[in-house]
Amino acid sequence: GERFQPERLTPMHHRHLEAGAQMMSAGAWWRPAIYAAGANPDRQRVREIARAEACHVRRDVGLIDVSTLGKIEVRGPDAAAFMERLYTFRYAKQPVGRSRYLLMTDEAGYVIDDGVACRLSEEQFYVTTTTGASDQVYRSMLFWNTQWRLDVDVANVTGAYGAVNLAGPHSREVLTEVSDIDLSPDAFPYLAVREGQVAGTSARLFRVGFVGELGYEIHVPAGMGEALWDALMTAGADHHIAPFGVEAQRLLRLEKGHVIVGQDTDGLTHPAEAGMAWAVADKPYFVGDRAVAIHQGRQQDRSLIGFTLPAGSPMPEENHLVIHKGGIAGRVTSAGLSTEDDRIIGLAWVPPDLSGEGVIFEIRVDGRMMAATVASLPFYDPDNQRQAA
């Protein structure tokens, strides 16, 4: 029979088309890959456009539609206890008005999702997930609580909210023009959460740094998403605001060494080998805790590392192979052209003996062996001064 292929559109979908976006699928959603009117560009041209968009964010201010993120409300007297059991980090003492990184593992200790937990009150968390895992995470929450029987209500509100990320050195100035929230660094520091009015509607704002710049993630009722987009584009005109797509976002986060679950990880990735052990708290219990401890106690057989290639080298694609002693030893997961110089930067899985900073290893790119150098992460702004601002 005819195959059923559901499609989901964000509240700002038609604004992207009007701006010349080349759309890409992300799960069931359509998202802008790049903004380039006309015929579909080849892969090299896509990289050039994405890098130009990323440079614009670094230099001025950019706006990206992140409505596709999963959004889940966790409410009730046991909300904090529920979060403690479900995720690897600590949430019981997370202050109201603050956000915290989320990492979820399954019973086997493998990474299945990440996101951000925003504590809106003592008994309410607003949780974001990756675009493709929102339904999976929601089902897991319901599944586990049928056993735990904690006093919480869990609601999947992904479609109820539209969201954007306003990022760049001038983002605070742009947002000030359309919001009644005090955006001064002391009143709204990095990782803070605030609620107020933006563009005439109720909004939830988070200061997060996925792209490594001063930025604000703004969530509003879905019906106001297009109005929010228009208001920010108008307010940012004097600051040269421009939309940017998923390809630029991936390059910006790569420069910060941020892992994309499902791209830089696979179904058998545990936190320690992916450099995410810092997000695993020493606490009595969370889903997969015993398995995570076993993985961490074993000798690792691979590591996720950052690497660089000299300017002018061929660009590796995702899953190009790392070759060591004549055999397959790993693979590239992400690669792009730095916004600061002409170096190629990327992430790759390599054996532990090739993971030390400065070590040279080989990547096979279209039949050619390229000498890559292991680099420390992040590639960009290692002291986080830009996003802390």
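Me: Which residues of α4 are buried?
Reply: This is a predicted model, in which local features need pLDDT of at least 70 and side-chain atom pairs count only at pLDDT 80 or more, while totals for chains, interfaces and linings use all residues. Residues are numbered from 1 along each chain as its sequence is written, and side-chain values use heavy atoms, with hydrogens and water left out. Taking buried as under 20% relative accessible area, exposed as over 50% and partly exposed as in between (1.4 Å probe, protein chains only), the buried residues of α4 are Ser134, Val137, Ser140, Met141, Trp144, Asn145 and Trp148.

Me: Why do the buried residues of α4 line one face of the helix?
Reply: Helices (H or I, at least four residues) and strands (E, at least two) are DSSP runs numbered from the N terminus, and the arc is that of the directions from the helix axis to the C-beta atoms. The buried residues of α4 line one face because, seen down the helix axis, they fall within an arc of 125 degrees.

Me: Which exposed residues does the face of α4 turned away from its buried side carry, and what do its buried residues pack against?
Reply: The face turned away from the buried side of α4 carries the exposed residues Arg139 and Thr146. With contact meaning heavy atoms within 4.5 Å, the buried residues of α4 pack against β4 (70-75), α3 (79-86), β5 (99-105), β6 (111-121), β7 (124-129) and β8 (153-156).

Me: Which element do the buried residues of α8 pack against?
Reply: In helix α8 (residues 289-297), the buried residues are Ala291, Val292 and His295. They cover an arc of only 100 degrees around the axis, which puts them on the same side of α8, whereas the face turned away carries the exposed residues Arg290 and Gly297. The buried residues of α8 pack against β5.
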